[in-house]
Every structure is written in structure tokens, then in C-alpha cells.
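Okay everyone, thanks for coming.

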Amino acid sequence: MNKALKLPNKGLKLAVGGASLMSLLLASGCATTELLNSGSSSSHTTTSEQVLVEDQLVAFGRPATPLANMPSSSVVIVGEKYSYVLSQGGPEMVNLLTNLTPKNIRVDNDMRFYSPNNDGHFQGQMKLSYAKLKDEFQRSDYNFFLQNGGKECSSSSDERMNAQRFCFTVPIKGGVYPAVSNLSLIQSKYSALTKPYPVTIYTNGKTTTTTSNGASAAGKLVLLPFALAFDVVTFPFQLLDAAN
């Protein structure tokens, strides 16, 4: 009676074992085929930062004549290679730079601007800080800070010197143009910088690398479109000091 009951179980074990072995062989065959196929050709896509422009700042100014598709209040960041016309944030920058003592203003971030579509347009932020001794501040100074988004940001170093610091963040947008026509004249009016003041425009691009028999190919960078050169009238303040 007991032997008769064990026979079906043994047969079942053999059937299950055979099915498992068959599945393993099939899976192994599929994996081997996939490995062989992938060895002949494969592709890999990565997203990385691509620098489009590296330049040196020369001055701040405004176009001598209105530019097409740009507001009349446009501000120009004059570079050695190109010009960066601000369509947004320019008036705010000029307001700060003309109403605060330039020697007490510091730029607290790198001038790195982002071009989402790599089409000559960029966006970013300018972060400025303004500091001097506490007993030199007047009521009008604090009113100006309140009206223009200034935030108290004194460091421990400022406090040790009995100084106070206020920070400003100005969102900006603009477009890249060729170097202004009167660049040499502007450079002759400004003294040399005590430290490099770089301007960088970058984008995030996808690069696809295809490997086949040891060969690889990467995507090419799209060039920025530029408009015609123009003259610029500079503002009556020197370049600012950059943070260390």
C-alpha cells in the first residue's frame, strides 16, 4: 500500500526535475544569444555639462542704439569675445550698482549662465553682497535694502570687525551677441583687473556613444547663433571685485 503511494511522487519529482532542467537550458541559451548580440554593437547615452562659451568680463553698459527683440532697458555685460545682453535683471543690476558704493560691493557667485536649448539664450543669477562698518550705515541704506530685496547675511568675520553685510540675488535672462564694435575704446578706459573675472555659458547635452568593433561616435555640439555687432555706452562704474 505504501509502495503504491510512493510511485506517483517519484514520477512527479522526475517530471518536475526534467521541466526545471529544460527551463534552465532555455534560459541559458537566451542569455548566451543576448550576450553575443550585445557584443557586436551597443550604445550608451549620458547627460553631461557642455561649456559653450568661456570669456572675460570687461565692463557693464547699455546698447548705443536699441536692439531688435530686446527691451529698451537692456543692459550689456561686455566680454572680450562676446557681449551678453540682459533682457531681464539688467535694470535691477544697474540700480544696485549705481546706488551703492562700488568698492563695498562683492560678486558672490561665478558668472555661470545656463542655456537650456543651446540657442544663444541664457539664464542664471547674479549674487551680490554689500558690506561696511555698522556705524557707517544710515536709515536710508536700510530703506534701500528693504525695497530691493536685500537680506542681512553678515559672516562671523564681518561681526568681528563690527561690520554688517546685506545680500542680493538678481535673476537674469539674456542673449549672446558678438563683441561690441567699440571694444578697444572701452578697454582703454578701464584699468586691468586685479583678478580674472570669467563668464561661462553652458548647457546640459546628451551624448550617445555607439561602440561597434572598437569604434565609437559622439554627438556634436550645436553652435550658438549670433546677431550683428553693435556699439555700447558703458556705465560710470568700474568692474566689481569677485569673491575669493
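This is a predicted model: local features need pLDDT of at least 70, side-chain atom pairs count only at pLDDT 80 or more; totals for chains, interfaces and linings use all residues.

Let's get the overview. The chain has five helices and 11 strands. Its accessible surface comes to about 15,200 Å², with carbon and sulfur atoms supplying 54% of that. Now take the contacts between residues at least 6 apart in sequence: 76% of them join residues at least 24 apart.

Next, have a look at helix α2, residues 90-99. Which residues are buried there? They are Gly90, Met93, Val94, Leu96 and Leu97. These five cover an arc of only 165° around the axis, so they sit on the same side of α2.

On to the rings. The whole structure has 14 aromatic pairs. One of them is tyrosine 142 with phenylalanine 166, an edge-to-face pair with 5.9 Å from centre to centre and 70° between the planes. Tyrosine 142 belongs to helix α3, residues 139-147, and phenylalanine 166 to strand β8, so this pair ties together parts that are 24 residues apart in sequence. How accessible are the two partners? Tyrosine 142 is partly exposed, because its relative accessible area is 32%. Phenylalanine 166 comes out at 7%, so that one counts as buried.

Phenylalanine 166 also pairs with phenylalanine 145. Here the ring centres are 4.2 Å apart and the planes meet at 25°, and because stacked means under 30 degrees, this pair is stacked. Phenylalanine 145 is in helix α3 while phenylalanine 166 is in strand β8, so here the linked parts are 21 residues apart in sequence. Both of these phenylalanines are buried.

If you follow the ring pairs along, you get a cluster of Tyr130, Phe137, Tyr142, Phe144, Phe145, Phe166 and Phe168. Phe137 has something else going on: lysine 132 lies over its face, 5.2 Å from the ring centre. There's another case like that elsewhere, where arginine 112 lies over the face of tyrosine 202, at 4.7 Å from the ring centre.

Now for a few residues in loops. Serine 154 is in the loop between β7, residues 151-152, and α4, residues 156-160. Is serine 154 buried or exposed? Its relative accessible area is 18%, so buried. Its side chain makes a polar contact of 2.3 Å with the side chain of glutamate 152. A polar atom of that serine side chain also lies 2.9 Å from the backbone nitrogen of arginine 165. Setting aside neighbours within four places in sequence, serine 154 is in contact with Glu159, Ala163, Gln164 and Arg165.

Last, two asparagines. Asparagine 118 has a positive phi of about 50°, even though it isn't a glycine. Asparagine 118 sits in the loop between β5, residues 111-114, and β6, residues 121-133, and at 10% relative accessibility it counts as buried. Asparagine 162 also has a positive phi, near 60°, and isn't a glycine either. You'll find asparagine 162 in the loop between α4 and β8, residues 163-178. At 44% relative accessibility, asparagine 162 counts as partly exposed.

Conventions. Residues are numbered from 1 along each chain as its sequence is written. Side-chain values use heavy atoms; hydrogens and water are left out. Helices (H or I, at least four residues) and strands (E, at least two) are DSSP runs, numbered from the N terminus. Buried means under 20% relative accessible area, exposed over 50%, partly exposed in between (1.4 Å probe, protein chains only). A polar contact is a pair of N or O atoms within 3.5 Å; within protein, one must be able to donate a hydrogen and the other to accept it, and residues adjacent in sequence count only if both atoms are side-chain atoms. Contact means heavy atoms within 4.5 Å. Accessible areas come from the Shrake-Rupley method with a 1.4 Å probe; for residues, only the protein chains shown count as cover. The arc is that of the directions from the helix axis to the C-beta atoms. Rings of Phe, Tyr and Trp (its six-membered ring) pair if their centres lie within 6.5 Å; planes under 30 degrees apart count as stacked, over 60 as edge-to-face and the rest as tilted. A charge sits over a ring if NZ of Lys or CZ of Arg is within 6 Å of the ring centre and within 35 degrees of the ring normal.
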